Amino acid sequence: MSLIVFLILVAFVIALISVLYIPLPQNLADRRKLQVLEMLLRISNEYFGDLVEILFGTRVRNKLTRFLVGLPYMFQPKPPKWCTIKSEKIAGVKCRIYLPDKTRKTSDGLLVFVHGGGWCIMRPRFYDSVMYSLIARTGCTVVSIDYTLSPEVQYPYQILECQRVIETLYEEKHSEYGFNKEKIALLGDSAGGNLVAVLCQRLLKEGKQNYLKCQILIYPVIHALDFHSPSFQYYHQGYKGMAMLNPTQLARFYLLYLGIEPTLKNMRDITENAHLSPKLLESTKYKSLIDHSLLPESFFSNIEYEKTYKPSCNNELAEKFYKFATDSNFCAILGDNLKGLPPAMVLTCGIDILRDEGFLYTRRLQSFDVPTKWFHYENATHGHLNLPGSKQRKQMLDDITAFVKCHL
Ligand SMILES: *[C@@H]1O[C@H](CO)[C@@H](O)[C@H](O)[C@H]1NC(C)=O
């Protein structure tokens, strides 16, 4: 009898998994690990999350997401003996400071890290092991900014917090933390990459471009102006199951960050480009910057490319979105004069909806003669830097280290 119950249970679990299984691209690195992680995330954060969202709204759902992504980090190893971690406020902003001891501090450079998570989730301590690896390789001190998350605060709050931290580090803190103020590198991933790009442009505008020696953008968010580029088309045609970052999630983060009603309709409309007014889509600037013909041919090789796309417009949303869609403090690609920005490194992944915007920003920087290096990881996906034991992560860390050593 109990054997029958057991067999039924096994059959049920197998049936459930086969229904929920969405194959990830064959070439994806760490595919097995990610397949499991992705399914767990999809069930907990997406399916259960959707239910929570319908019942209690986006803000509660965001809290659930914060809790879920924090779970694996409750089992983090203790910091290595050679690294002291301090939590301190700099210019009134919480920061996590990593101070290597004499044996590891082989450089007087400082890395300022701005973490990702769509401006809404994640915390600096989730990146501890990434930071240890960077310190061990570069010998630098690290300050990771624990900026306030959305929706508790909204754009441009996080930008102003980060800018205050960078300015204070440069102007006041170098002797306290023991670094050379002329050797500061700024880096960030995903939404943190967006903040890095924006901060560099702001410092340039204020004549403070010398505060930073270089900028490192790790699969950054660059604009919110095209949910139909080849990387999004690849998502819809090639790997719909990507709970690491999917178009709806990205749209939700935009709404929470910008303070626009995070309704399910608004989210869906953004994923269909309905947040862009015809006036914006027809503008010369939009057409010249969000131009798919600037992308490398290889970006089109795995999709049935659909060029003509006439989105219907959600007028109310487009009206609210317009001021952000024309603001370089949000859409970094819109910056009008980038000449004189610190040398840049842009990392993009082949299996990531943000691939194309990272590439377009690389081109934009180069068009202003900003020394810019593009590193593309064709078999990696969004968030790969956080995946322990991954070769892709190691390659990224090696490349970042080489770039840092070259500029600090
Ligand atoms: C990516 O994966 C493909 C197929 O598995 C392989 O042929 C290619 O060499 C890989 N590319 C890199 C850069 O590792």
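Which helix gives the most to the lining of the largest pocket? Hold that thought for a moment. A reminder before we go on: this is a predicted model.

Let's take the largest pocket. Its volume is about 940 Å³. The lining counts 42 residues, and closest to the centre are Leu 37, Leu 41, Val 69, Tyr 73 and Met 122. Now back to my opening question. H2 is the top contributor, with 6 residues. Helix H2 spans 31–56. Three other helices also supply at least two lining residues each: H3 (58–70), H4 (128–138) and H8 (247–258).

Next, the second largest pocket. Here we have about 660 Å³ of space. Its lining has 19 residues. Nearest the centre sit Leu 281, Tyr 286, Lys 307, Tyr 309 and Lys 310. Two helices each supply at least two lining residues, H10 (278–282) and H11 (284–289). H10 gives the most, 3 residues. The classes here are 8 nonpolar, 5 polar and 6 charged.

How many cavities of 30 Å³ or more does a search of the whole structure find? The count is 1. Around the cavity we find His 223, Asp 226, Ser 229, Ser 231, Phe 232, Ile 290, Ile 353, Asp 356, Glu 357 and Leu 360. Helices H7 (230–238) and H13 (355–367) are the elements that each give two or more of these residues. H13 has the largest share, 3 residues. The lining splits into 4 nonpolar, 3 polar and 3 charged residues. Both domains take part again: at least three lining residues come from domain 1, and at least three from domain 2.

Last, the annotation. An unreviewed UniProt entry carries "domain: Alpha/beta hydrolase fold-3", in two stretches, residues 111–264 and 326–384. How do helix and strand divide in each? Residues 111–264 are 45% helix and 13% strand. For residues 326–384 the figures are 22% helix and 31% strand. End to end, C-alpha to C-alpha, residues 111–264 span 38 Å. The ends of residues 326–384 are 31 Å apart.

To close, keep two places in view on the model.

Notes. Residues are numbered from 1 along each chain as its sequence is written. This is a predicted model: local features need pLDDT of at least 70, side-chain atom pairs count only at pLDDT 80 or more; totals for chains, interfaces and linings use all residues. Side-chain values use heavy atoms; hydrogens and water are left out. On a 1 Å grid over the protein atoms alone, a cavity is a set of points where a 1.4 Å probe fits but cannot get out, and a pocket is an open set with protein on both sides within 12 Å along at least five of seven lines; lining residues have an atom within 4 Å of a point. Grid points are joined across faces, edges and corners, and a volume is the space filled by probe spheres set on the points. Helices (H or I, at least four residues) and strands (E, at least two) are DSSP runs, numbered from the N terminus. Ala, Val, Leu, Ile, Met, Phe, Trp, Tyr, Cys and Pro count as nonpolar, Asp, Glu, Lys and Arg as charged, and the others, Gly among them, as polar. Domain bounds come from an automatic or database domain assignment. UniProt positions are given in the numbering used here, feature names are shortened, and annotations may be inferred rather than shown by experiment.
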